[in-house]
Amino acid sequence: MPPSSSLDATFAALADPTRRAILARLVTGEASVSELAEPFAMSQPAISKHLKVLERAGLISRSHDAQRRPARIEAKPLQEASMWIERYRELWEAAYGRLDSLLADLQAQRPDPKED
Amino acid sequence: MPKPVKVTTPSDCEVEVVRTFDAPAQLIWDCHTRPELVSRWLLGPDGWGMPHCVIDLSVGGRYRYVWRHLTNGRAFGSYGRYREVVAPHHLVFTEEMDGLDGRPMDIDNPVEGPNPSVNTMDLTEVGGRTTLRLNMRFPSSAIRDMALKSGMTDGMGVSFDRLEAVIADVTA
């Protein structure tokens with residue numbers, strides 16, 4: 001899969017709050033569908049559906065040998081997605097840094113009497 | 001130290017940017033709605049300027065920004081219409097980009113598509129400090145992701161080389 005489409009899949013998978021919660025749970029260690037269904041008060045098929053989305057996005061992997069097929073988190077796509085957001089954040093940080101300077105400049109020129 | 005900018009993705013078509021400023025809402029509003037102020041900060045990296053900035057701040061009114069590289073002549077732009085204007089707290093406007101694909105830009109009459117991004121800016125002032133929340137809702141997750149990745153291209157701005165110099169220049 002080209003990097004761009006896998007990134008799209010990562011973002012799409014992360015957009016859902018249940019899937020984010022599942023990932024947060026998997027950070028603490030692998031878990032089976034039934035182990036995940038219980039704390040989330042969801043049916044096992046519903047959990048399985050979310051796991052499939054996460055697996056397709058490469059965010060988790062599931063072992064094929066064991067019957068309980070525990071899911072475990074995969075770090076790399078998450079790191080990639082957070083890298084894009086971090087670069088984007090830096091872009092705004094730079095623009096807003098300039099806006100800070102402009103605001104300071106404007107306030108110095110036209111001090112607000114209410115501020116005194 | 002720059003203040004932190006918080007970036008979140010509330011849904012797969014949205015990006016939200018939150019930042020607090022040491023200034024009243026009215027001043028931040030002015031910096032987003034008066035062309036002579038917008039063109040002083042809403043810039044790309046070093047080497048880019050905003051030679052064209054036109055704003056008709058009314059419901060249904062249009063705005064047009066064009067950025068141009070000072071030496072290599074490359075240009076791109078953004079444009080849209082205001083949908084809600086409640087000074088100095090609430091601004092909703094559409095946004096489309098052009099020039100990034102290398103096709104010629106129509107500066108005065110850019111082609112408006114049927115499905116632009118919709119941006120909502122809210123300013124909340126408490127005790128002289130103002131929190132800016134900018135929510136950007138894109139027409140699809142693919143376009144949203146493209147916008148997120150723009151941080152890596154040199155369109156809007158990535159390499160913040162000599163940023164300190166730019167800030168020093170503005171404040172001088």
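1. In this predicted model, the loop between strand 1 (60–62) and strand 2 (71–73) of chain A holds A:Arg69, a residue that has a positive phi of about 40° although it is not a glycine. Because it has 14 C-beta neighbours inside 10 Å, A:Arg69 counts as partly exposed.

2. With 7 C-beta neighbours inside 10 Å, A:Ala41 counts as exposed.

3. Helix 4 (residues 44–56) of chain A packs with helix 2 (residues 17–27) of chain A, their axes coming within 10 Å and crossing at roughly 75°, so that helix 2 of chain A is roughly perpendicular to helix 4 of chain A. A:Thr18, A:Arg19 and A:Ile22 make the contact from helix 2 of chain A, while A:His50, A:Val53 and A:Leu54 make it from helix 4 of chain A; by class, these are three nonpolar, two polar and one charged residues.

4. In chain B, eight strands form an open antiparallel sheet in the order 1-2-8-7-6-5-4-3. Strand 1 (6–8) and strand 3 (48–55) of chain B each have a single partner strand and stand at the edges, so one side of each has no neighbour in the sheet. From one strand to the next, the twist averages 20°. Helix 1 of chain B lies across strand 2, strand 3, strand 6, strand 7 and strand 8 (129–137) of chain B, and runs at about 155° to strand 7 of chain B.

5. Within that sheet, strand 5 (residues 75–86) of chain B pairs with strand 6 of chain B in the antiparallel sense over seven bridges, and B:Val85 stands opposite B:Leu91 in strand 6 of chain B. The loop between strand 5 and strand 6 of chain B contains B:Pro88, and the peptide bond from B:Ala87 to B:Pro88 is cis, with omega near -5°.

6. The largest nonpolar core has 31 residues, and those with the most contacts inside it include A:Trp92, A:Leu99, B:Cys31 and B:Trp41. At least two residues of this core come from each of several elements, among them helix 5 (75–109) of chain A and helix 1 (25–33) of chain B, and helix 5 of chain A gives the largest share, nine residues. Apart from its neighbours within four places in sequence, A:Leu99 is in contact with B:Cys31 and B:Trp41. A second, separate core of 18 residues includes A:Phe11, A:Val33, A:Ala71 and A:Ala81.

Technical notes. Residues are numbered from 1 along each chain as its sequence is written. Chains are lettered from A and ligands numbered from 1 in the order in which they are written. This is a predicted model: local features need pLDDT of at least 70, side-chain atom pairs count only at pLDDT 80 or more; totals for chains, interfaces and linings use all residues. A nonpolar core is a set of buried Ala, Val, Leu, Ile, Met, Phe, Trp, Tyr and Cys residues joined through C-beta atoms within 7 Å. A residue is buried if 20 or more other C-beta atoms lie within 10 Å of its own, exposed if 12 or fewer, and partly exposed in between; C-beta atoms are placed from the backbone. Helices (H or I, at least four residues) and strands (E, at least two) are DSSP runs, numbered from the N terminus. Two residues are in contact if their C-beta atoms, placed from the backbone, lie within 7 Å. Two strands pair if DSSP finds at least two bridges between them. Axes are lines fitted to C-alpha atoms, for helices over the stretch in contact, and angles run from 0 to 180 degrees between N-to-C directions. Angles under 35 degrees count as roughly parallel, over 145 as roughly antiparallel, 65 to 115 as roughly perpendicular and the rest as oblique. Ala, Val, Leu, Ile, Met, Phe, Trp, Tyr, Cys and Pro count as nonpolar, Asp, Glu, Lys and Arg as charged, and the others, Gly among them, as polar.
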